[in-house]
Amino acid sequence: MLLSNLQPLLYIKISPELLTIRNVKTGAQMSEVPELAINTGSAKRMVLGFGANARAAAAAEGEQSSEIINPFSHPRSLVSDFTVGQVLLKTFVKHAHRATLFAPSPRIVMHPLGSPPGGFTQIERRALREMALGAGASEVVLWIGRELSDQEVQSDLVLKNDDGRD
């Protein structure tokens, strides 16, 4: 229990238009367009920029050797590219968390926004959970429902009631 008091608690809201990460213990927050600019000109794809800087970074690299990807924009699903989504989430978490070498991994409450017809699929839920784990989370809670206050995110009810269900 003592470790959980030292761990950062991040509330991440995801939509195709905006990705918001808030450290509920410190109040630090960042919101950006969920875009990643990737260098496609070499065998190893490299991140050129993310968020609002993605388009400028891609333009500086050149149209032929770069690509801008929004991994949370697809007509039928919230997750369109798992690998890029995980890299994007890891980049955002790293910037929001600013972990030192010995900082504990954050606990993350993932909140996909919107209400697709039929709800989010089990595949989308699992992909979001796996992305958060791949981004460095020690624990992931998937919350589906209304937006939460900082007090609600920190409450045992949310942290134990995965998927936002009673």
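This is a short walk through the structure above, from its sheet to its cores and then to one of its helices.

The model is a predicted one: local features need pLDDT of at least 70, side-chain atom pairs count only at pLDDT 80 or more, and totals for chains, interfaces and linings use all residues. Residues are numbered from 1 along each chain as its sequence is written, and side-chain values use heavy atoms, with hydrogens and water left out.

Let us start with the sheet. Five strands form an open sheet, in the order S3-S2-S1-S7-S8, and their pairing is mixed. Here, strands (E, at least two residues) and helices (H or I, at least four residues) are DSSP runs numbered from the N terminus, and two strands pair if DSSP finds at least two bridges between them. At the edges you will find strand S3 (29–32) and strand S8 (139–142), each of which pairs on one side only. From one strand to the next, the twist averages 15°; for such angles, axes are lines fitted to C-alpha atoms (for helices over the stretch in contact), and the angles run from 0 to 180 degrees between N-to-C directions.

Strands of a sheet pair through backbone hydrogen bonds, either parallel or antiparallel. Follow strand S1 (residues 9–14) and strand S2 (residues 19–23), and you will see five bridges in the antiparallel sense. Tyrosine 11 stands opposite arginine 22 in S2. Helix H4 (residues 122–134) packs on the sheet, where it touches S1, strand S7 (107–112) and S8. The direction of H4 makes about 150° with that of S8. Touching, or contact, means heavy atoms within 4.5 Å.

Now look inside. A nonpolar core is a set of buried Ala, Val, Leu, Ile, Met, Phe, Trp, Tyr and Cys residues joined through side-chain atoms within 4.5 Å. Buried means under 20% relative accessible area, exposed means over 50%, and partly exposed lies in between (1.4 Å probe, protein chains only). The largest nonpolar core has 29 residues, and Ile12, Leu89 and Met110 have the most contacts inside it. Helix H3 (82–97) is among the elements that give two or more residues to this core, and H3 gives the most, with five residues. Apart from this core lies another, of eight residues, among them Val109 and Trp143.

Next comes helix H2 (residues 54–61), whose buried residues are Ala54, Ala57 and Ala58. They lie on the same side of H2 because they cover an arc of only 100° around the axis, the arc being that of the directions from the helix axis to the C-beta atoms. An α-helix has 3.6 residues a turn, so residues three or four places apart point the same way. The face turned away from the buried side of H2 carries the exposed residues Arg55, Ala56, Ala59 and Ala60. The cover over the buried residues of H2 includes S4, strand S5 (46–50) and S6.

Serine 66 counts as buried because its relative accessibility is 13%. A polar atom of its side chain lies 3.1 Å from the backbone oxygen of alanine 58. Glutamate 67 is also found in strand S6, and it counts as partly exposed because its relative accessibility is 37%. Leaving out residues up to four places away in sequence, glutamate 67 touches Leu36, Ala37, Ile38 and Thr40.

Notes
Polar contact = N/O pair within 3.5 Å; in protein donor to acceptor, adjacent residues only side chain to side chain.
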